[in-house]
Structures are given as structure tokens and as C-alpha cells.
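Subject: Structure for you to look at

Hello,

Here is the structure I promised to pass on. Please open it and keep it beside this email as you read.

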Amino acid sequence: MAKTAVVILNYNGKGYLEKFLPSVINHSAVAEIIIADNASTDDSLSFLSTQYPDIRQIVLKKNLGYAGGYNVALKQIDSDFFVLLNSDVEVTSGWLDPMESFLNANSSYAACQPKIKDFTHQSLFEYAGACGGYIDSLGYPYCRGRIFDELEIDSGQYNNPEDIFWASGACLMIRKTAFEKVGGFDADFFAHMEEIDLCWRLHSIGLKVKSIPSSVVYHVGGGTLNKSSTFKTYLNFRNGLFLLIKNLPLGKLIYKLPIRVALDWVAVLKFILEGKVKHGLAVLKAHLSAFLRMPRMYGKRRKLYNPPDSRSIILSFFLRNKRKFSDL
């Protein structure tokens, strides 16, 4: 079996497969390429069978989301490393080698990610991961190259490999043994932030995560759920609370969770003032879901890891006008 398996989870993504699968095939000669289909209703499977009959397909009976879909698919794959790659990603020549070489040489690291740039505006970092992810004191994720919606121009400022808190699910390379040791993704997340939860649990067992900027990919973003989707808003706000309930030490959870909820209500007001009432309602629905599931999520707490970052991105971004990671 191939040492590395590149696994693309597809859901109604025939157009992206047509556009981006050739780059994966051309630049991933050392890996096995596998398409895991999340019960697509378009003609993705017939397209693959006709155009790429030699590529292995894993067909799921229903849409299990990013988290559940990968959990089921990866159990059927025997490789040392998995690369979880979104269907809307264009890879570049030599993209796999730096990441695979790094993990081969550094057993204390469980996962890594490449530099992720915006496919449409290729001078910019891309929202979903940029050059490696972090999390602030209230559980807000941010990246080298992206804070909230502010994207930086890539001028090589983050070309040094760095330890990071989380690697992006848009392009995530992880050891099979580490993925299995922490139980894979939490399927209750369905989609969005499940990779942050996964990396949080990797840290809790003493493993580390790295950004490898010498590997470069380009991501469209929002291929399955775009920013206008209220379901995406719901998932982001609900899963943000899930992260804290599952992973924050109790002494910090008690006072940080109410602060986070209050800030979410500020977001609701902002949505309403912008005329995005449905998105505001999605936040309220997310809160209801998170609190109804609180006993379930709290019951999943195991050995906890307290992130070392004590800064607040809210304060830095909105009050101190720090718009770049390098300014923090």
C-alpha cells in the first residue's frame, strides 16, 4: 500500500473534480488517490467511473458531513499518512514531499498543513487555514495570514515552518496512528471546526502540529457551504461553543463560556443591523443546540490541554486595530 493516501471527500462536487483532480493526479505520483463520496446526488460517481476508472472510490450511503464522512472512509484505508484534501483545492508541484518528509523525520508531530492561498486572488492567503491556525483565549480561531475576515497578501512573511495549534481541514496531513489514537473526528460537529477539536485532542496527548509553508496549495473555499449559507453560520457558532465545552479546563470554562455567549449576542445584533436576520436567528438556533447537547459534549471531556495563547483576538482586532498576525 502507498505510504500516503490523498483522500478527497466529495459531495456534489463534480465541477470541482473536473477542475482540480488533474492537478492532484499530476503532482501526487507517490501517493494513492482515493475519492470518498458523501452520498452525492449529482453525477460525480459516474464521471469518476468514466474518466478516472483507476481511482479508488469509497461510496457512503448518506451524507455524514466532513467529520463523519472522513471517519467512515479512513477506517477503510491502510496508509501511514492521510492527506485530507478538499475537492476545491488545486495542488502544486512537489506539494506532498515537504510534509511527508517532515512527518517521517519528526515522530513527536502528528499532523501538518501546507501554505493555503486563495485560488481566486492568488496573492492572498486563504481564509480556511492560511499558513497555520491558532486559537485565542476565548476560543476564536485565527491564522498566520488571516484574522477574522482580514486576509493578508503573501509576501513570504510566514515562509518559516512553525508550530501551530491547528491545521486546516482543507488540506491536512496526519498520521494514521495519531488519528486513530484520539478517536478521529467528533462526528457531532458534522462540519466546520472539527479539525480544531481534533488538533486540540492531539495536543492533549503530547503530540504537535506544524505549518510547512514550502508546500503550497490554492483553495477556492466555500465549495460545499458558502458564506451566505445560514447553515454555515449555525455550524460555526454551535461548533465554537462545542470546542469550549469539550476542551477547556473547567475552571476556565465556567467564566469564559458566558463571555463567549455574550459576544455571540453582539454578533446577532450586528447581523440584524446589517439586514441579515436569518443569520442572526441561526446564531440563536446554534446556542439552543449547543446547550441542549451540553451534557453530551461535556461527557466527552478527557485529558485536557490548556492552549498557551492568552491573547484576545477580539481586543486586538477591533479595539487595537491589529489586522495582521505579525502585528499581534
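About 30 Å³ of space lies in the largest cavity. Keep in mind that this is a predicted model. The structure holds one cavity of 30 Å³ or more.

Which elements give two or more residues to the lining of the largest cavity? They are α1 (14–26) and β4 (81–86). Helix or strand, find each one on your screen. The most comes from α1, which gives five residues.

Now the residues themselves. The lining of the largest cavity is made up of I8, Y16, L17, F20, L21, V24, L85, N86, S87 and V89. Sorted by class, eight of the lining residues are nonpolar and two are polar. None is charged.

Next, please turn to T230. This residue is found in helix α7, which covers residues 230–247. Is T230 buried, partly exposed or exposed? T230 counts as partly exposed, because its relative accessibility is 32% and that class lies between the cut-offs of 20% and 50%.

What does T230 touch, leaving out residues up to four places away in sequence? Its contacts are K278, H279 and A282. Take H279 as an example. T230 and H279 are 49 residues apart in sequence. In space, their C-alpha atoms are 5.3 Å apart.

Best wishes

Note on methods
Residues numbered from 1 in each chain as written. Predicted model: local features only at pLDDT ≥ 70, side-chain atom pairs only at ≥ 80, totals over all residues. Heavy atoms only, no water. Helix = DSSP H or I, 4+ residues; strand = E, 2+ residues; numbered from the N terminus. Buried < 20%, exposed > 50% of the residue type's maximum accessible area, 1.4 Å probe, protein only. Contact = heavy atoms within 4.5 Å. 1 Å grid on protein atoms, 1.4 Å probe; cavity = no way out; pocket = protein on both sides within 12 Å on 5 of 7 lines; lining within 4 Å. Points joined across faces, edges and corners; volume = space filled by probe spheres on them. Nonpolar A, V, L, I, M, F, W, Y, C, P; charged D, E, K, R; others polar.
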